[in-house]
Amino acid sequence: MRELDHLPPAYLLTNARVPACLIGAALPADSEGLVRVDIAVAAGRITAIGAALERPELPRVPLNGCLVLPGLVDVHTHLDKAFIWPRAQNADGSFAGALAAADADRRAHWTADDVRTRMDFALRCAYAHGTVAIRTHLDSIGPQTALSWPVFAELREAWRGRIALQAVALTPIDLVLDDGEFLPLLDAVRRHRGVLGAVTYMSPALPAGLDRLFAAASAHGLELDFHVDETADPGARSLALIAEAALRHGFEGRILTGHCCSLARQSEDAIDRTLDLVARAGVAVVSLPMCNLYLQDRQAGRTPRWRGITLLHEMKARGIEVMVASDNARDPFYAYGDLDLVEVYREATRIAHLDHPFADWPAIVASTPAALMGLAAGRIAVDHPADLIILTARSLNQALARPQADRIVLRDGARLDAVPPDYAELDSLKGMPHGL
């Protein structure tokens, strides 16, 4: 589509296919939930959307039925861990192996320069793929809190206007009850306009830790974001306890819970009780399908028996907001990935059967996480920036059938010439073996 190489200040994209759930117009959809539209763009913004728009004054750019998505939103990532795999490989692919390798790498190598370099590398990957917003968890343990949050703030400013960035404090729930750990963490979150969070697991400290987090979030007007039940153990029921705490505290801010893997291993009665609580409390859920597929139910010499993901269909049926995200990228928790939400949506669809019908599932990497982050993004709508991803695929089936490496990304209406950076850029970091 050479017409997209040098776009004028104003133009009309004609004959595009767009998921109906992501467009600010009521038009009849096909069996995949797609609508055919023309999209008028001027001065970097969308000025009109409709079927067969009459805009004779605008140059026409025919898309011939290609699929168009808005800029996508990655609501759960770990940019501070990203791309450490060459020097911090997971010896056995297990969750315990990931924790040990990441902890050792953080202690040995996470200087401000190291974290800044890898986070910027990850952001350039995401930007080239068409992402417009990212929420990252930051390990906030001991001296790392004072180091990583200023680096994040620096990068948030440097990337302003390209990727909207949010950060969540990540610490074990036990440390929430330790003033020496929690008070500096809370101060960093408040100073840097972050989100309060923790890794929750079935610890004696969990109830009191949750109460302290909810009380602090209420007192300081903060949102909450938790790592929850990332295990196959059906006895892991942090999700229900979080929902109960939200109801007990009358918490009115946004709450996001990630992973929630163990729910799929519980009895139907336990599932129903938990999901009823989650729906009542207004708790949202993000599944990390690629990371959980990689880590969960891994045992040497044994084929995994389940997919590791949470119950997205059952949650959605109850009105619970659900979404998916990248999670980790080339680190001990997930050896692969590139912060590419088109890939995440494709794999989530395959892993969790988000098809037959596709319905409004495309929203899980776009408008739903954007709303959770409080952003006017993830939709194709009049007066929104013309941040678009144009695929050569002409249907969702085609888009999911092969990698969309030839996609064209528009930012503010202009073609983006960014490409994912070369891994060799990271070779100079301390501890990095070359070529891995």
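## A hairpin of two strands

In the hairpin formed by strand 2 and strand 3, two residues lie between the strands, and Ala-43 takes a positive phi near 50°. Strand 2 (residues 34-42) and strand 3 (residues 45-50) run antiparallel and are joined by five bridges. Asp-38 has Gly-50 of strand 3 as its bridge partner. Two strands count as paired if DSSP finds at least two bridges between them. Helices (H or I, at least four residues) and strands (E, at least two) are DSSP runs numbered from the N terminus.

## Basis of the model

This is a predicted model, in which local features need pLDDT of at least 70 and side-chain atom pairs count only at pLDDT 80 or more, while totals for chains, interfaces and linings use all residues. Residues are numbered from 1 along each chain as its sequence is written, and side-chain values use heavy atoms, with hydrogens and water left out.

## Aromatic pairs and charges over rings

Rings of Phe, Tyr and Trp (its six-membered ring) pair if their centres lie within 6.5 Å; planes under 30 degrees apart count as stacked, over 60 as edge-to-face and the rest as tilted. By this rule there are 11 aromatic pairs. One of them, Phe-121 with Tyr-423, is stacked, with 6.3 Å centre to centre and 25° between the planes. This pair links distant parts of the chain, 302 residues apart: Phe-121 is in helix 2 (residues 112-129), and Tyr-423 is in the segment after strand 16 (414-415). Ring pairs also link Phe-83, Phe-121 and Tyr-423 into a cluster.

Buried means under 20% relative accessible area, exposed over 50%, and partly exposed in between (1.4 Å probe, protein chains only). Phe-121 counts as buried because its relative accessibility is 0%, whereas Tyr-423, at 41%, counts as partly exposed. A charge sits over a ring if NZ of Lys or CZ of Arg is within 6 Å of the ring centre and within 35 degrees of the ring normal. Arg-298 lies over the face of Tyr-294, at 4.6 Å from the ring centre.

## The largest cavity

On a 1 Å grid over the protein atoms alone, a cavity is a set of points where a 1.4 Å probe fits but cannot get out, and a pocket is an open set with protein on both sides within 12 Å along at least five of seven lines; lining residues have an atom within 4 Å of a point. Grid points are joined across faces, edges and corners, and a volume is the space filled by probe spheres set on the points.

The whole structure holds three cavities of 30 Å³ or more, and the largest has a volume of about 110 Å³. It is lined by 15 residues, of which Leu-69, Val-342, Tyr-345, Leu-391 and Leu-396 are the closest to its centre. Helix 10 (341-352) and helix 12 (396-401) each supply at least two lining residues; the largest share, four residues, comes from helix 10.

## The largest pocket

The largest pocket contains about 660 Å³ of space. Of its 31 lining residues, Val-132, Ala-133, Ala-164, Leu-165 and Leu-375 are the closest to its centre. Strand 7 (131-139) and strand 8 (164-170) each supply at least two residues of this lining.
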